[in-house]
Amino acid sequence: MHSFRFKKYLICFGLAILSVTPSFASGGSEPSGLSVNFILHPEQVFSNGYLVDVPLLESINRKEQFQFTEIAQKKPFFGWRVNSNKANTVQSAYEIVVYANDNTPANAQTIMWASGKVLSNDSINVKYNGKPLAPNSIYSWKVKTWNNYSEESTFSDIQQFKTAPVLLDYSTARYPLQKKDDYPVLLQRLKKSNDLFIDFGKAGFGRLRLTLFGTNAPGNVTIHVGEAVKDGRVDRKPAGTIRYSSTSLALKPGWNTYIVTVAPDELNTSADAILMPTYIGEVTPFRYAEIENYSEKNIGKENVVRETVNYPFNDQDSYFESSNNVLNQIWELSKYSVKATSFAGIYVDGDRERIPYEADALINQLSHYSVAREFNLARHTHEYLIKNATWPTEWILQSVLVAWNDYLYTGNKDSLEYFYDDLKHKSLIVLADEKDGLISTKTKKLDKSVMGLVHAKWDISDIVDWPHAGVVNKIGETDGFIFTEKNTVVNAFHYRAIFLLSEISKVLDRKDDHQFFSAKEKFLKKQFNDKLVDKNRGIYIDGVGTTHSSLHANMFPLLFGLVAEENRAAVISFVKSRGMACSVYGAQFLLEAIYDANNAQYGESLLTSTGKRSWFNMIKIGSTISLEAWDNEFKPNLDWNHAWGAAPANIIPRKIMGIEPIERGFRKIQIKPQPANLKFAKIKYPTILGDVLVSFTNDPGKKFILDITSPANSTVKVYLPKVSERYQIMVDNEVATGIEDGAYVVVDNVGSGSHLFSISSK
């Protein structure tokens with residue numbers, strides 16, 4: 001064992017920080033990135049989805065149908081980025097001033113809250129503590145900070161926000177939906193015809209705006225839009241529920257601009273579907289368009305616009321690039337999928353139904369966190385699903401997992417507190433057997449009262465993965481899983497929910513609950529392994545009463561920490577033997593389990609596969625948004641716009657680059673790269689405290705170089721892959737040592753700023 005010897009520590013608010021003086025980008029010391037209830041730009045004003053240049057204070061008196069981001073919480077919380085040109089910076093104090101803005105007389109301001117100098121390292125989730133805020137009012141605020149170098153910043157720029165018409169004790173804020181004008185990357189006239197073919201490069205949810213010329217003679221053109229192309233034209237009969245539609249447009253004389261409206265689909269505008277707001281109108285996903293029977297020669301790309309709709313998204317928040325071009329393409333597909341499928345202002349299951357589901361929300365949440373500094377859409381979706389649970393047993397249990405992610409990534413516990421009783425019910429502990437603690441949906445315990453407790457909309461039943469054999473094809477995606485009364489996958493999720501409730505109750509200082517859930521978790525783990533392990537093979541069976549073992553029955557216990565040490569090798573070997581015998585949804589958990597078990601080579605082979613069960617196959621068949629299934633072969637009614645197929649958006653940053661929060665709100669960050677065959681990679685990962693930059697070069701067995709930059713107010717635990725049994729570590733060009741942890745050497749409590757690490761064989 002090696003021990004890391006530090007020459008000097010800086011101690012501030014309980015944080016032990018390695019004191020070194022590497023290069024760190026200089027900049028203004030005033031705080032930046034201000035937010036109110038996670039909203040970074042509450043001052044923005046929209047008109048029918050488009051940003052306008054009208055100041056917030058002026059907009060409320062305009063006679064226009066503007067859309068605003070409204071803060072409905074009586075005591076909102078503030079956040080900011082701590083800036084410094086020095087490494088190892090920790091905030092030591094802050095001062096906030098909040099003003100009330102009054103238009104009569106102009107520029108008059110009243111101080112609502114002057115915090116004074118508050119000794120604290122909190123730079124996120126700082127709760128308002130001033131005079132009561134009024135509804136339908138505009139407020140301004142600013143902040144200054146002090147740090148552990150006894151430096152005082154100037155005040156930040158002023159940020160404004162508007163309160164909602166009704167103020168509540170708790171409410172999650174959201175931006176309005178945003179429109180963007182996309183122009184074709186290709187517009188060409190088809191040979192020997194009056195037909196125009198249009199390609200926007202990527203699919204997007206929206207509608208067409210066309211500026212066309214009509215003659216005095218009556219005439220119609222036909223507009224075709226779709227996600228797929230066939231023989232150089234929009235595919236009129238695509239497979240599954242890949243989108244295509246057409247409409248006839250009667251041209252008026254002269255040049256006119258037309259909005260090609262989208263007819264509502266009966267299925268995705270049903271009672272359970274999320275409807276588009278009236279200021280946006282109905283949309284459809286499409287990449288390609290055709291204008292049939294249009295003879296006017298004078299037409300350019302500026303005449304054809306796709307009004308594309310999505311939740312506000314900053315493409316510059318993240319990037320990834322590596323030595324593997326397939327992996328790079330998969331990252332771009334997955335990142336864009338998160339953006340494009342946010343069109344409804346809540347995570348939905350693609351265009352076919354437009355219904356939120358917990359399983360989609362979990363993958364979407366982790367992926368959205370990884371590609372944009374955005375937390376409200378995930379929280380809003382989660383809270384909607386708490387009150388509108390869907391039918392799969394495991395997905396109801398996943399609400400607890402989503403709640404914990406929300407807290408861990410934001411550091412904010414408001415949602416946990418507000419929905420705590422609901423989260424306890426979502427554990428489905430009411431269905432537990434009195435003797436072994438395992439739950440079942442096949443007993444009389446599942447009745448209307450349970451349905452009410454979890455706010456279920458439909459009858460609850462176990463899913464494991466989707467689709468099942470015989471639902472839309474003969475194979476299904478459950479790896480032959482045998483459903484029994486006590487299901488291994490369901491109980492793995494139940495165990496994880498109970499484990500997390502022990503953590504949540506601790507965070508919320510619910511001492512009795514913490515004691516109860518902690519004891520329950522230990523009991524469940526023992527019973528799970530007593531009842532569900534095949535003792536001869538050391539792997540898990542699908543449930544009590546069967547000898548069949550599936551990928552799913554083993555990958556979930558592996559992921560959730562249920563596997564006894566003596567069985568780990570057997571379980572990992574079995575999981576690897578099954579390949580990608582799961583859906584795009586199941587792939588999220590399979591890859592997490594594989595990487596958490598330090599099987600990076602196998603994980604990379606799954607991620608970068610070019611077979612049919614791969615993300616590359618989605619690209620190869622022509623989609624620019626992740627699919628609902630691997631291929632039409634596995635789900636004949638699949639759609640081409642399903643973010644639950646975008647798992648690489650979070651697997652790449654969290655598992656390959658190894659960036660995950662150890663402490664709430666990224667106060668402590670783990671960087672544990674698993675490079676496998678990658679020669680180099682670099683990433684920008686947005687966190688609530690600021691950006692994390694990680695790059696590495698990898699010469700397996702010889703040398704690994706890691707360059708990191710972490711935001712002020714954070715510390716980092718760095719894992720360096722052990723290149724050989726004898727090695728040398730350098731930290732910021734000085735020889736150092738670390739603590740061995742399996743295949744890694746750990747350098748802990750590294751301060752903020754830029755640091756360079758290397759480990760080489762001796």
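**Reading a buried serine and its surroundings**

Modeller: Ser 318 counts as buried because its relative accessibility is 3%, where buried means under 20% relative accessible area, with a 1.4 Å probe and protein chains only. This is a predicted model, in which local features need pLDDT of at least 70, side-chain atom pairs count only at pLDDT 80 or more, and totals for chains, interfaces and linings use all residues. Residues are numbered from 1 along each chain as its sequence is written, and side-chain values use heavy atoms, leaving out hydrogens and water.

Biologist: Where is the place of Ser 318?

Modeller: Ser 318 lies in the loop between strand 24 (304–310) and strand 25 (319–322); strands are DSSP runs of E, at least two residues, and helices are runs of H or I, at least four, numbered from the N terminus.

Biologist: Which residues does Ser 318 touch, not counting those up to four places away in sequence?

Modeller: Contact means heavy atoms within 4.5 Å. Ser 318 touches Trp 331, Lys 335, Ser 370, Val 371, Lys 684 and Pro 686 on that count. Its side chain also reaches the backbone oxygen of Val 371 at 2.9 Å.

Biologist: Which residues of helix 2 meet helix 3?

Modeller: Trp 331, Lys 335 and Val 338 in helix 2 meet Asn 364, Ser 367, His 368, Ser 370 and Val 371 in helix 3.

Biologist: At what angle do helix 2 and helix 3 pack?

Modeller: Axes are lines fitted to C-alpha atoms over the stretch in contact, and angles run from 0 to 180 degrees between N-to-C directions. Helix 2 (residues 325–340) and helix 3 (residues 358–371) pack at about 105°, with their axes 9 Å apart. Helix 2 is therefore roughly perpendicular to helix 3, a term for angles of 65 to 115 degrees.

How values were computed
Buried means under 20% relative accessible area, exposed over 50%, partly exposed in between (1.4 Å probe, protein chains only). A polar contact is a pair of N or O atoms within 3.5 Å; within protein, one must be able to donate a hydrogen and the other to accept it, and residues adjacent in sequence count only if both atoms are side-chain atoms. Angles under 35 degrees count as roughly parallel, over 145 as roughly antiparallel, 65 to 115 as roughly perpendicular and the rest as oblique.
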